[in-house]
Amino acid sequence: MVPMVYLDHSATTPLDPEVLQAMMPYLTEEFGNASSVYGLGQRARQAIDQARDEVAAFYGVEAREVIFTSGGTEGDNFALRGIAYRNADRGRHLITSTIEHDAVLRSVESLERDGFEVTRLPVDRYGLVDPDALRHALRPDTTLVSIMHANNEIGTIEPISDLVAVTREHSDAYFHTDAVQSTGKIATRVDELGVDLLSMSAHKLHGPKGVGCLVVRSGVRLEPFMLGGGHERNRRAGTENVAGIAGLAKAVSIAQRDMAQNIAQLTALRDRLLEGVLDRIPAAEITGHPAKRLPHHASFLFQGVEGESLLLQLDMEGIAASSGSACTSGSLEPSHVILALGYPRERALGSLRLSVGKDNTQADVDLVLRRLPDMVARLRAMAPISAA
Ligand code: PLP
C-alpha cells in the first residue's frame, strides 16, 4: 500500500492517543450510567462534571452553559430550531449567510417550510460577511443571527465580534456561531466573541466522532428538541456519552495547551502549500481570504479541472484531500460556497482543499507540490471542462 499522506483535517482528524487514554476507563470498567445512584454511576457523573468544567473554562463560560450533543450537526440544528421555535412569539425572522454548512442551511430551509422568513447574507469574493449588510437585514422581528466562525471549504474567518456588535446595536436577536472548524485552531472564547450560542464538534480537533457541545449563555430562551429524560438540565435528553464527553474535554485541553505551537507549525505548512501551488501551477487561484483564514487550511481553484478527478489522482498517490464539489445523482455539483464567492459553475467545479494537521511534515507538503502540477496538467489535457 502507498504510504498515506493525510491532508484532510477539515473533514476529520485522527484521535489523539492522550484522548483515547482519557476515554478508555469509560469504555471498559467505568461503564456506569451517570444517572445511577450507586458508586459506578456517580463516578461517571463526576467524569461528566469535570469535563463540563474543562470545556466551560476553555470557552470562558459557566459550566451550566455547556450542553453536550452528538456533534456539530446536532448543535447547529438545536441552535437554529431551538431559538426559532422558542422565540416565535417575538418574531419569525432569521438571518444567516450563503456559505454556512448544510447543518445550518437545511435547518433554515425546514424553518422556512414552517412559515419562518430567512435572510441569507451574501459574501464578498473572499467569503466575508459584511457587517453593514447585516445591519440592513436586521428587523424588529429578527430572533436569531447565525454566522459561522470559520468556513470549512475556504477557511475564511468571519468578523464575528463586529457582527455581534452590529446585532446588539440594532436588535434583540440572539447570535449563534458554528465554531466546528475554528475550535482548537484559533481563539474561540465565547466571552470574547460575544455570541449567545456556539456549536462545536470533537472530531475536528483530534477528539472522538459523535460528540460535541452547544454553548448557550444563561438567559437564552431555547426549545429542547431531544425529548425524554431530564439529562443536561432538561435541555437535551439521552443517556450521556461518558467516554465521548471525557474525550472531548481532553481534546480541548490539549488544543488549548498546544495552540500557539500548533498555529506556528500549521501556518508554516499551509503557507508552503499556498505559495508552492501558485508558483508551480499556472492559472491556479487561492479561494478564501489570503490572511483571515484558518492556520491549517489551503484551498484552490484550478481552471479546466474537475476537483473530483483530482481527488482520485491524489488518492492513487496515497494523498487524502477533498473538494467542495460532490457527485450527486450522477452529475457533478459545484459547492454552494464557491458559487457564493461569485465563480461561474465550470470554474467552481475545480476546487481542492488541503488541510494540514499537527502530524504532517514538510515532506508531506513537498510530496504534494511534486505530484500536483503533473496531475493538473494531465487532467487539463483531457478535461471536458474548457480551460478558457
Ligand atoms: N459545521 C461545519 C462548519 C462543519 O465543517 C461540520 C463538519 O464537517 C459540521 C458543522 C458538522 O459537524 P459533525 O460532523 O460533528 O456533525
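**The sheet with mixed pairing**

Guide: The part you ask about is an open sheet of 7 strands with mixed pairing, in the order E2-E8-E7-E6-E5-E3-E4. Strands here are DSSP runs of E with at least two residues, helices are runs of H or I with at least four, both numbered from the N terminus, and two strands pair if DSSP finds at least two bridges between them. At the edges stand strand E2 (66–69) and strand E4 (117–121), and because each has a single partner strand, one side of each is left without a neighbour in the sheet. On average, neighbouring strands of this sheet are turned by 20° against each other, direction ignored; axes are lines fitted to C-alpha atoms, for helices over the stretch in contact, and angles run from 0 to 180 degrees between N-to-C directions.

This is a predicted model, in which local features need pLDDT of at least 70 and side-chain atom pairs count only at pLDDT 80 or more, while totals for chains, interfaces and linings use all residues. Residues are numbered from 1 along each chain as its sequence is written, and side-chain values use heavy atoms, with hydrogens and water left out. The pLDDT is the predictor's confidence in each residue, from 0 to 100; its mean for the protein is 96, and 96% of the residues reach 70 or more. Among the elements of the protein, E6 has the highest mean pLDDT (99), whereas strand E12 (residues 326–328) has the lowest (62).

Within the sheet, strand E5 (residues 142–146) and strand E6 (residues 174–178) pair in the parallel sense over 3 bridges, and Leu144 has Tyr174 in E6 as its bridge partner. Helix H2 (residues 39–59) lies across E2, strand E7 (197–201) and strand E8 (212–216), running at about 115° to E2, where contact means heavy atoms within 4.5 Å.

For comparison, there is also an open sheet of 3 strands, with antiparallel pairing and the order E9-E10-E14. Its edge strands are strand E9 (284–286) and strand E14 (351–355), each of which pairs on one side only, and the twist averages 30° from one strand to the next. E9 and strand E10 (residues 297–302) pair in the antiparallel sense over 3 bridges, with Glu285 standing opposite Leu301 in E10. Helix H9 lies across E9, E10 and E14, running at about 15° to E10.
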